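Reader: Before we begin, could you take me through this structure by setting each value against the definition behind it?
Author: Gladly; here it is.

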Amino acid sequence: MPRFSLRRTAKRWHRTYREARMVALALKSPAHPVLAHVVVTRRCNLACTYCNEFDNFSQPVPTAELIHRIDLLAALRTTVITLTGGEPLLHPQLDEIIRSIRRRGIIAVLVTNGYLLTPDRIRGFNRAGLDRMQISVDNVLPDEASKKSLKVLDQKLRWLAEFAEFPVSIHSVVGAHTDRPEDALTIARRATELGLISTAGIVHDDSGRIEPLSPVHRRVLEQIEGLSKSRFSFARHNPWRANLVRGLLNDWHCTAGGRHLYICENGLVHYCLAQRGYPAVPLAQYTREDILRESKAPKSCTPYCTIFCVQRVAALDELRNSPRQALVRLFPAKNPETPAALPLPIRVLSALLLPSHDAPSGRFFRKAALRFLRID
Ligand code: SF4
Ligand code: SF4
């Protein structure tokens, strides 16, 4: 289990404050990117057979160029930057890049396969101010498709549990064609045992189709969600994922290209990793008008999309645009006669920040909350 320390506790409260501020900004204004993924190198030390996001030869993006891109994202008022690859730990100055994200008041997240983690690198991330880390673990034992295995990574997870002063999410996936769905549950249980966060996503089959999950696969997903101690987890309340689990297509509006940006190694803006090539405009030329236009642009890929982080951003936009309908959609009542019980963090945020609560006392508390979060 992670050790208790005053420094960890202080960091946790500070992070909670900055994340609440990020949510409040997203609810207040539609004109900035909530989240940007930034590729720091295309190269990877592994070669998962399902992956088309890596090569084995690219040089890291020069640090000065990455810091310039972070400046451009800060100028667009981006609130979260996730460093990705390839494998970001192959970048020799990753700590400096994380530091420069934090210096600009942006939340810093890192996605890694975990292979190159050591206690020293984890301590370096603590000092640099990393806010969150995500590691995907594909199976319990390595196989032909993937070496991202619990057996290989368990020591790294133990080091993270011992040394990391930031939350670590261990992500596993389940799909209709996953042969060993119980692997995802074993991975999630191990993560929870170590005091880390476990999350699970669903995957398409090889042809990009979504098929309903079998009762066994569904039970695995439910059991993984049941391990979460968090008062609110978007995975538990994601209406789009719930439909895909049943093999149903989704009707939602994706705001990628505006509220979510994917910045490739060449500094071009794309919708997301699955939709590279659109709009493929250099970040240096990307403006507020581009953000607003691309946020509104319809995307034909929405019915099948399984990109969880973009859906989370879209849920915030639904809350901003039509709070009451969004709350009903995200938290459907079990019984049509009784309104659904909202989780505590959602009750607090919606009471303080959503314009549907427009009584004079609501306006007073909203103003006070915005002042506390330093939002004009
Ligand atoms: S570790 Fe990640 S980036 Fe590397 S090949 Fe596997 S899925 Fe792709
Ligand atoms: S719907 Fe999904 S795949 Fe399509 S652009 Fe949005 S995030 Fe990307």
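Predicted model: local features only at pLDDT ≥ 70, side-chain atom pairs only at ≥ 80, totals over all residues.

Reader: What makes H6 a helix, and how does its reach compare with the span expected?
Author: Helices are DSSP runs of H or I with at least four residues, and strands are runs of E with at least two, both numbered from the N terminus. H6 has 13 residues, and the expected span is 1.5 Å times one less than the number of residues. From its first C-alpha to its last H6 reaches 19 Å, close to the 18 Å expected.

Reader: Why is Thr192 called partly exposed?
Author: A residue is buried if 20 or more other C-beta atoms, placed from the backbone, lie within 10 Å of its own, exposed if 12 or fewer do, and partly exposed in between. Thr192, which has its place in helix H6 (residues 181-193), has 16 other C-beta atoms within 10 Å and is therefore partly exposed.

Reader: Which residues of H6 are buried, and what covers them?
Author: The buried residues of H6 are Pro181, Asp183, Ala184, Leu185, Ile187, Ala188 and Ala191. Their cover includes H5, S5, strand S6 (197-203) and helix H7 (215-226).

Reader: Which residues is Thr192 in contact with, once its neighbours within four places in sequence are left aside?
Author: Contact requires that the C-beta atoms of two residues, placed from the backbone, lie within 7 Å, and on that basis Thr192 is in contact with Ser198 and Leu227. The C-alpha atoms of Thr192 and Ile224, which are 32 residues apart along the chain, are separated by 9.7 Å.

Reader: How do you know that S4 pairs with S3 and with S5?
Author: Two strands pair if DSSP finds at least two bridges between them. Strand S3 (residues 107-112) and strand S4 (residues 132-136) run parallel and are joined by 4 bridges, and S4 also pairs with strand S5 (residues 168-175) in the parallel sense over 4 bridges. Met133 of S4 stands opposite Leu110, and in S5 the bridge partner of Met133 is Val168.

Reader: What makes a β-α-β unit right-handed, and which elements make such units here?
Author: A crossover is right-handed if, with the strands pointing away from the viewer, the path from the first strand over the helix to the second runs clockwise. S3, helix H4 (residues 119-128) and S4 make one right-handed unit, and S4, helix H5 (residues 150-163) and S5 make another.

Reader: Why does Arg8 count as partly exposed?
Author: Arg8, found in helix H1 (residues 6-28), has 14 C-beta neighbours inside 10 Å and therefore counts as partly exposed. The C-alpha atoms of Arg8 and Phe166 are separated by 7.8 Å, although these residues are 158 residues apart along the chain.

Reader: How many helices and strands does the protein chain have, and what share of its residues is buried?
Author: The protein chain has 14 helices and 9 strands, and buried residues make up 34% of its 376 residues.

Technical notes
Residues numbered from 1 in each chain as written. Chains lettered and ligands numbered in written order.
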